[in-house]
Amino acid sequence: MTTKKNKKITIYSTRICPYCSNAKAIFDNMHLEYNEIFIDTDEARNAMINKSNGHKTVPQIFIDEHHIGGYTDLVQLVKNNKLEKLL
């Protein structure tokens, strides 16, 4: 799925992570579409770790191939009005 401006948002997450749910809620409230990848398998988890330069926590969020970090990083982008610029 893509955003209105054709930027692809990807969230690596788990089904029980409250920070993942909160990050998705931010995008939902902004009416932005995202692709969610659950790290239930070793393959998906390893892909996330490699793509995020070693980060093992979820969520890990990407806009196109740009790694923006986790939930706290997303919140800071929103608070500083920088998320819109990335999109």
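Thr 10 is buried, with a relative accessible area of 3%. This residue lies in strand 1 of a predicted model.

**Thr 10 and its contacts**

- Thr 10 counts as buried because its relative accessible area of 3% falls under the 20% cut-off.
- Leaving out residues up to four places away in sequence, Thr 10 touches Asn 35, Ile 37, Gln 60, Ile 61 and Phe 62.

- Strand 1 (residues 9–13) and strand 3 (residues 60–63) run antiparallel and are joined by four bridges.
- Within this pairing, Ile 9 stands opposite Ile 63 in strand 3.

**Helix 1**

- Helix 1 has twelve residues and spans 16 Å from its first C-alpha to its last, close to the 16 Å expected at 1.5 Å a residue.
- Cys 20, Ala 23, Lys 24, Ile 26 and Phe 27 are the buried residues of helix 1.
- Viewed down the axis of helix 1, these buried residues fall within an arc of 150°, so they line one face of the helix.
- Pro 18 and Asn 29 are exposed on the other side of helix 1.
- The partners against which the buried residues of helix 1 pack are strand 1, strand 2, strand 3, helix 3 and helix 4 (83–86).
- His 31 follows helix 1 and has a positive phi, near 60°.

**Helix 2**

- Ala 44, Met 48 and Ile 49 are buried in helix 2.
- These three residues cover an arc of only 135° around the axis, which puts them on the same side of helix 2.
- The cover over the buried residues of helix 2 includes strand 1, strand 2 and strand 3.
- Asp 42, Glu 43 and Asn 50 are exposed on the face of helix 2 turned away from its buried side.
- Asn 53 follows helix 2, and its phi is positive, near 60°.

**Nonpolar cores**

- The largest nonpolar core has 15 residues, of which Ile 9, Phe 27, Ile 61, Leu 74 and Leu 83 touch the most other members.
- Strand 1, helix 1, strand 3 and helix 3 (71–79) are the elements that give two or more residues to this core.
- Ile 61, leaving aside neighbours within four places in sequence, is in contact with Ile 9, Thr 10, Ile 11, Ala 23, Phe 27, His 66, His 67, Ile 68, Gly 69, Gly 70, Tyr 71 and Leu 74.
- A second, separate core of eight residues includes Cys 20, Ile 39, Ile 49 and Val 58.
- Of the residues named in this second core, Cys 20 is among the buried residues of helix 1, and Ile 49 is one of the buried residues in helix 2.

Key:
Residues numbered from 1 in each chain as written. Predicted model: local features only at pLDDT ≥ 70, side-chain atom pairs only at ≥ 80, totals over all residues. Heavy atoms only, no water. Pairing = 2+ DSSP bridges. Core = buried A, V, L, I, M, F, W, Y, C linked by side-chain atoms within 4.5 Å. Buried < 20%, exposed > 50% of the residue type's maximum accessible area, 1.4 Å probe, protein only. Contact = heavy atoms within 4.5 Å. Expected span 1.5 Å × (residues − 1). Arc of directions from axis to C-beta.
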